[in-house]
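Trainee: Can we go through this one together? I have the sequence and the coordinates open.
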Amino acid sequence: MDDVVIQTNALTKTYESGSNSVHALRGIDLTVHRGEFIAVMGTSGSGKSTLMNVLGCLDTPTSGNYLLDGVHIETLDKNQLAAIRNEKIGFVFQGFNLLARTSALENVELPLLYDRSGRKRDTKAMAIAALGRVGLGDRLNHQPSELSGGQQQRVAIARALVTEPALVLADEPTGNLDSRTSIEVMALFQALNEQGITVVLVTHEPDVAVYAKRIVEVRDGRIRRDAPVKNRHNAAEDLAAAELLPDDDLVAGPSAADAAAGGGASTEKAAAVSSGERSVA
Ligand SMILES: Nc1ncnc2c1ncn2[C@@H]1O[C@H](COP(=O)(O)OP(=O)(O)OP(=O)(O)O)[C@@H](O)[C@H]1O
Ligand SMILES: [Mg+2]
């Protein structure tokens, strides 16, 4: 089935440290279809990051099978894994992981420069388009230190998107952000997901998980619960309802003056979060 992005079968990961074995994953069977939006939850040490690292081809499983977008990952060597990772996956991390003293534009362009497929493309134009998609078209030349935390994370999301990956993996993307900025980032993930991007993110926070479509709960290296989100929240609506309006740079759309004008404009603005980027897609 070609709409399956991730299919794992009895995936395990054991870390050997000295005489100790840590069974971080003890048999994960997970199927993710294109267009899904999954929150992976679980207590500290339950295996979430290990699972993300294996799904992201940053680490190899000890046993089991992993089919990523039609490719049998367990058969690949290191170089092939790196190539697949670059082609199929975009990563977003808790700490943004942007290069300091490097512009937003250059940070986003970087994965394209690592692309070994030899395709000649206008990498600068692609990076500009990706930054436009996350509402940062007017911050191209800002360095990370000149951007807010939420803006830095949006640069990181643009960097994850620029290669047009089959899958975006995010490990605690809102972990370093205040609650309002977290909702703004989740509004962006929801908008991107609406455009068809498959998202798997790790979060500790139930308040963040309600924006996903499905919650996968990991405990002791196993999936203990896997269910659709009941009463799923719309992040743009939550921002509008609480009048916690995003800054005018959240999306290219109505100006800050509209937002200041009151409720009607607020709703319109929030709607832009979920629909605005679509035209640029
Ligand atoms: N490189 C490693 N070497 C040895 N053990 C490891 C390594 N990485 C993780 N572990 C162990 O594997 C288990 C799962 O760790 P993991 O980082 O996946 O947890 P997590 O669910 O992401 O936790 P957190 O919520 O704290 O980020 C833990 O017991 C951890 O100590
Ligand atoms: Mg972790």
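Trainee: Which residue in E2 stands opposite lysine 13?
Mentor: Leucine 25 in E2 stands opposite lysine 13. Before going on, note that this is a predicted model, where local features need pLDDT of at least 70, side-chain atom pairs count only at pLDDT 80 or more, and totals for chains, interfaces and linings use all residues. Residues are numbered from 1 along each chain as its sequence is written, and chains are lettered from A and ligands numbered from 1 in the order in which they are written.

Trainee: How many bridges join E1 to E2?
Mentor: Eleven, with E1 (residues 4–17) and E2 running antiparallel. Two strands pair if DSSP finds at least two bridges between them. Strands (E, at least two residues) and helices (H or I, at least four) are DSSP runs, numbered from the N terminus.

Trainee: What is the strand order in that open sheet?
Mentor: The order is E2-E1-E4-E5, four strands with antiparallel pairing. E2 (20–33) and E5 (71–72) are the edge strands, each pairing on one side only.

Trainee: Switching to ligand 1, which residues surround it?
Mentor: Tyr15, Ser17, Val22, Ala24, Gly42, Ser44, Gly45, Ser46, Gly47, Lys48, Ser49 and Thr50. The cut-off for near is a C-beta atom, placed from the backbone, within 6 Å of the molecule.

Trainee: Which element gives the most to that shell?
Mentor: H1, with three residues. The elements that give two or more are E1, E2 and H1 (48–55).

Trainee: And by class, what does the shell have?
Mentor: Three nonpolar, eight polar and one charged. Here Ala, Val, Leu, Ile, Met, Phe, Trp, Tyr, Cys and Pro count as nonpolar, Asp, Glu, Lys and Arg as charged, and the others, Gly among them, as polar.

Trainee: Where is arginine 222 found?
Mentor: In strand E10 (residues 222–228).

Trainee: Why does arginine 222 count as partly exposed?
Mentor: Because 16 other C-beta atoms lie within 10 Å of arginine 222. Buried takes 20 or more other C-beta atoms within 10 Å, exposed 12 or fewer, and partly exposed is in between, with C-beta atoms placed from the backbone.

Trainee: What is arginine 222 in contact with, beyond four places in sequence?
Mentor: Arg26 and Gly27. Contact is two C-beta atoms, placed from the backbone, within 7 Å. Arginine 222 and arginine 26 are 196 residues apart in sequence and 5.7 Å apart in space, C-alpha to C-alpha.

Trainee: What does E10 pair with?
Mentor: E9 (residues 214–219), in the antiparallel sense over six bridges. Arginine 214 stands opposite proline 228 in E10. The hairpin has two residues between the strands, and aspartate 220 takes a positive phi near 50° there.

Trainee: Now the core. Which residues have the most contacts inside the largest one?
Mentor: Val40, Val108, Leu131, Ala158, Leu169 and Val200, in a nonpolar core of 70 residues. Such a core is a set of buried Ala, Val, Leu, Ile, Met, Phe, Trp, Tyr and Cys residues joined through C-beta atoms within 7 Å. Helix H6 (residues 179–194) gives the most to this core, with eight residues.

Trainee: What does leucine 169 touch?
Mentor: Leaving out residues up to four places away in sequence, Met52, Leu55, Gly56, Ile89, Phe91 and Val200.

Trainee: Last one: where does pLDDT stay under 50?
Mentor: Over residues 249–281, for which the model has 62 contacts beyond four places in sequence. pLDDT is the predictor's confidence in each residue, from 0 to 100. The protein's mean is 87, and 84% of its residues reach 70 or more.
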